[in-house]
Amino acid sequence: MAAQKYKVNLLGAGVSGLSTALALLQTGRYTVKVVATHLPTDLNIDYTSPWAGAHWRSYADIADLEQQEYDAATFRRFAHLAETEPKAGVMFLSGHDYWEVKPKNFVDPWFKRIVPNYRHVPLAELPPGIEFGITYTTVAVNAPKYLLYLQEQVHARGGIVERATVASLKALAQIPHDAKGSKPDILVNCSALGSRTLPGVHDLQMFPTRGQIVIVRVPDELWPKAKQFTMERYSEGGAMGTGKITYVIPRDNGEIVLGGTMEHWSTDEAISEETTKAIVERVVGTRPDLFSKATVLRSCAGLRPNRRGGVRVTASVEQLDWNESWTPNSFVVAHNYGHGPFGYQASVGCAQKTVTNIEDRLQALEQYRASSRTMSKL
Ligand SMILES: Cc1cc2nc3c(=O)[nH]c(=O)nc-3n(C[C@H](O)[C@H](O)[C@H](O)COP(=O)(O)OP(=O)(O)OC[C@H]3O[C@@H](n4cnc5c(N)ncnc54)[C@H](O)[C@@H]3O)c2cc1C
């Protein structure tokens, strides 16, 4: 007889939620129902994932081995998808990081050991206004296409994806897991900025960092070269400090994402024409050969789900409600949110870690349940 599968209700259908749903289903040990206000193809400032660039450029500190593992696992999966799965919208390209002012005591990033073709850019090859640069092979993801691919993979393994707004963590536990009305065993929270206000989570470390982007096309004859090029350019002060960040990320449909801004605490939906102009000017100033004839298609803005103290990837056993005989109902409650500017590039690693965290708590769940059964007989 097939072993009983654990039932998972999962909140959130961004890249974090769908990647986690897929990782759980891939083990064959869980059934998964995803519930979310926003689903792939929706465009809303409260749903970050469709707005991302999204390229792989790890920001993990040299000492942060956990974040490095999340990013490395994702790079390996994305590289595999770029080689084998055109439907996923992932492609290889040449990454360039440029500094207007050479950082003092520059230390090569940790990812030098996993990306192919890492090297410092010789002075003669640097664009005007750049003192220092590195280059390496990386990947870029067509974000809206990848979300649809993930959703399709979830469906293909029997997962359900349903639109619903959830009022609290407890309310997630009360959503019937299937048509028979079964209760879930496991709750997973991938609600990103929603975690700030969601009762039962209420994580005040969460805050939005607005990013405005501009989507352009280049003339057809430049596309073969432009689709090979992704960059980040840092002005003095760095992107996370007072400085500006400028980036270019092509998508496999011929569109190119130009960025950007890092506006902490701003939730402004209105597009600033001045910012659009400034972004285009900075990109054209860096690579006039590729972008001086670019056509602007549209400008948009998204909110990075930032978290003071870093991403929250945890699991524990919690008693959220009571059954008819007034004994507590226990659930494994897992969290995977707060990815800020790296939600795509860490997505596979964070999803895999969430699965491990859940599996580590299953024995404790069974113990809690056994003691609840004993209590109910007293
Ligand atoms: C301009 C920009 C550029 C970026 N570039 C990159 C990049 O190059 N590389 C990279 O790795 N990352 C990049 N990012 C960051 C990346 O987009 C995010 O980290 C990632 O999308 C976060 O995904 P998520 O699934 O955690 O959140 P979201 O996509 O916001 O998903 C949250 C989900 O939770 C649901 N939800 C929340 N509360 C509730 C509730 N109460 N009830 C029901 N549903 C709820 C929402 O409806 C949604 O489905 C960029 C972001 C921006 C804005």
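Residues are numbered from 1 along each chain as its sequence is written. Because the model is predicted, local features need pLDDT of at least 70 and side-chain atom pairs count only at pLDDT 80 or more, while totals for chains, interfaces and linings use all residues.

Colleague: How many helices and strands does the protein have?
Modeller: Helices (H or I, at least four residues) and strands (E, at least two) are DSSP runs, numbered from the N terminus. On that basis, the secondary structure comes to eight helices and 15 strands.

Colleague: What is the radius of gyration of the protein?
Modeller: The radius is taken over C-alpha atoms, and the globule rule is 2.2 Å times the number of residues to the power 0.38. For 378 residues that rule gives 21 Å, and the protein comes close to it, so it is as compact as a globular protein of that length. The value is 22 Å.

Colleague: Which residues come nearest to the ligand?
Modeller: A residue is near a molecule or strand if its C-beta atom, placed from the backbone, lies within 6 Å of it. There are 40 residues around the ligand, and those that come nearest are Gly14, Gly194, Gly211, Gly302 and Gly343.

Colleague: Which elements give two or more residues to the shell around the ligand?
Modeller: The shell draws at least three residues from each of domain 1 (6-46 + 145-205 + 309-377) and domain 2 (91-139 + 207-306), with bounds from an automatic or database domain assignment. The elements you ask about are helix H1 (15-27), strand E8 (206-217) and strand E13 (295-307).

Colleague: Is Thr48 buried or exposed?
Modeller: An unreviewed UniProt entry lists Thr48, Ser49 and Val166 under "binding site", and such annotations may be inferred rather than shown by experiment. A residue is buried if 20 or more other C-beta atoms, placed from the backbone, lie within 10 Å of its own, exposed if 12 or fewer, and partly exposed in between. Thr48 lies in the loop between strand E2 (30-36) and helix H2 (65-84). Because Thr48 has 25 C-beta neighbours inside 10 Å, it counts as buried.

Colleague: Which residues does Ser49 touch, not counting residues up to four places away in sequence?
Modeller: Contact requires C-beta atoms, placed from the backbone, within 7 Å. Ser49 sits in the loop between E2 and H2 and is buried, with 28 other C-beta atoms within 10 Å. Leaving out residues up to four places away in sequence, Ser49 touches Gly14, Val15, Ala143, Leu147 and Gly343.

Definitions and conventions. Contact = placed C-beta atoms within 7 Å.
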